[in-house]
Amino acid sequence: MGLTVSIGVSFNKIFAKLGSDLKKPDAITEITEDSFKEKIWGLDCSELIYCGPATTKKLNRVGIRTIGQLAQTDLSVLKNRLGKYGETIWHFANGRNTDAVSPKPQENKGYGNSVTTAQDVETKDYAHQVL
């Protein structure tokens, strides 16, 4: 059929998703409980799901640049900086995600479209251009 597929296989869905993004196109990446520190911890924080640009910037401000540094940071520091969300990504970085993979797709509750701008939208003229 001419399709390429990148697959991540892991002991939790966070690392399976990350594994599918590591080698593209057309590859299978396995991340085990024994190998995740070696394979994942050296990656930039932004590679971790839910670590977008704003979160990555906050982490970078306190010297946290890699997933390994995030995983080894005292949890209270992350909770202080990012609240409950800091605890969530700390668990993700340490391979502690037990969410089940949903066996059947859920009905869409809505549809959306988003745009990431190259710079902050600070003027009405720029907002008008984006919209």
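## A charged network

Lys17, Asp21 and Lys24 are tied together by a network of salt bridges; a salt bridge here is a side-chain nitrogen of Lys or Arg within 4 Å of a carboxyl oxygen of Asp or Glu. Before we go further, please keep in mind that this is a predicted model, where local features need pLDDT of at least 70 and side-chain atom pairs count only at pLDDT 80 or more, while totals for chains, interfaces and linings use all residues. Residues are numbered from 1 along each chain as its sequence is written, and side-chain values use heavy atoms, leaving out hydrogens and water.

Asp21 is partly exposed at 32% relative accessibility, whereas Lys24 is exposed at 56%. Those words have set cut-offs: buried is under 20% relative accessible area, exposed is over 50%, and partly exposed lies in between (1.4 Å probe, protein chains only).

## Glu87 and its two lysines

The whole structure holds four salt bridges. Which lysines pair with Glu87? One is Lys79, at 3.7 Å from N to O, and another is Lys84, at 3.8 Å. Side chains of opposite charge can pair when their charged atoms come close.

Glu87 and Lys84 share helix 6 (residues 84–93), where they sit three residues apart, about one turn of the helix. Helices (H or I, at least four residues) and strands (E, at least two) are DSSP runs, numbered from the N terminus. Glu87 counts as buried, with 19% relative accessibility.

## Ser35 in its loop

Ser35 belongs to the loop that runs between strand 2 (27–31) and helix 2 (36–40). Is Ser35 buried or exposed? With 12% relative accessibility, Ser35 is buried.

The side chain of Ser35 also makes a polar contact of 3.0 Å with the side chain of Thr32. A polar contact is a pair of N or O atoms within 3.5 Å; within protein, one must be able to donate a hydrogen and the other to accept it, and residues adjacent in sequence count only if both atoms are side-chain atoms.

## A nonpolar patch

On the surface, Met1, Leu3, Val5, Ile7, Val9 and Ile28 make up a nonpolar patch with about 680 Å² of accessible area together. Among them, Ile7 lies in strand 1 (residues 6–10) and is partly exposed, with a relative accessible area of 36%.

Patches are made of residues with over 30% relative accessible area and no salt bridge, joining like charges within 9 Å and nonpolar side chains (Val, Leu, Ile, Met, Phe, Trp, Tyr) within 5 Å. Accessible areas come from the Shrake-Rupley method with a 1.4 Å probe, and for residues only the protein chains shown count as cover.
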